[in-house]
Amino acid sequence: MSYSRFLEDTPLVPGMMRLLDHADLCQPARLADWIHGRLDEGLTVFDHADIYGDGECERIFGEALMASPELRQKVQVISKAGIVPAHQDTSQWTTKHYRAKADYFSGAIDRSLSRLRVEQIHTFLIHRPDPLLDAETLARTLEQAVSAGKIRHIGVSNFLPEQWRWLQKNTRLPLVCNQSELSLNHASPLFDGTFEAHLSDGLRWLAWSPLAGGALPGSVPESLLQTAKEETGLCATGLAIAWLRQLPGAPVPVLGSMREARIEAALKGARTTLPRPLWFALLEAMRQTAVP
């Protein structure tokens, strides 16, 4: 058993991808208050990427940290790089592409640090597996960033086992996590060996889209949801998070919603253990097939 200890005390991670959808939170003082609220709930890790809002989400978050400087010592930031959207491609091809290159990542790390107004990024991820990846040279760049104190940990996002194993083979640093889709609505990794590969290799699963894309209420019979609520006190949001957290290794949900009520419901789920038959009943309902 090689369960990762990375973020083992973190029940969920608020994601900043949709920050620009919340005009009120784009004001530094208001966002600082929102971050304080999450810290009061025991949430200290926040998820970013350089392509979220073309860097604006990181910049606004950084301004909030400057508006309330004590936050800089309390928050931990995850960020990612390696995706170049078509509108950012300055070549004649204007094509979305991946750029897991040493020089690109060196600049991406510095740009994220500048926007976020922090001295160190807690964990930096390769956002997507790049077929043109030169693992050895990129690994050296990431190692240098860790040695310089710019980042603390390295990880990957949306990687399959042999993809992260090739990178791991080329670096002396441990890969601490893989941020990838996992939920009641996307449970295939539980049946094809991908989930066990995370456990075996000691990578914490950071689960994006953990609420099944909001599909739970429309896919699970209302009678089951109502009975589950009576038994556990959890709404659909809480049930989806409880179901996920009950897996071995306790995957950490990366919650896309910034609504305080949704976060509260998710936290309640993260701290609740479902009866095993209910866990399977929810799985069967979402898959629309009985367990063999």
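## Basis of the model

Residues are numbered from 1 along each chain as its sequence is written, and side-chain values use heavy atoms, with hydrogens and water left out. Because the model is predicted, local features need pLDDT of at least 70 and side-chain atom pairs count only at pLDDT 80 or more, while totals for chains, interfaces and linings use all residues.

## Aromatic pairs

The structure holds seven aromatic pairs. Rings of Phe, Tyr and Trp (its six-membered ring) pair if their centres lie within 6.5 Å; planes under 30 degrees apart count as stacked, over 60 as edge-to-face and the rest as tilted.

Helices (H or I, at least four residues) and strands (E, at least two) are DSSP runs, numbered from the N terminus. F105 has a relative accessible area of 0% and is buried. F124, at 1%, is buried too. Buried means under 20% relative accessible area, exposed over 50%, partly exposed in between (1.4 Å probe, protein chains only).

W279 and F280 also pair. Their ring centres are 4.9 Å apart and their planes stand at 70°, so this pair is edge-to-face. W279 is buried at 11%, whereas F280 is partly exposed at 30%. Elsewhere, W34, F46 and F61 form one aromatic cluster.

## Charges over rings

The charged end of R111 sits over the ring of Y104, 5.7 Å from its centre. R287 places its charged end over the ring of F191, at 4.2 Å from the centre. The test is NZ of Lys or CZ of Arg within 6 Å of the ring centre and within 35 degrees of the ring normal.

## Helix α5

Helix α5 spans residues 161-169, and P161, W164 and L167 are buried in it. They cover an arc of only 135° around the axis, so they lie on the same side of α5. The arc is that of the directions from the helix axis to the C-beta atoms. The face turned away from the buried side carries the exposed residues E162 and K169.

## Strand β10

Strand β10 covers residues 252-255. V252 and V254 point one way, P253 and L255 the other, and all are buried. β10 runs parallel to β1 (residues 13-14), joined by two bridges. Strands pair if DSSP finds at least two bridges between them.
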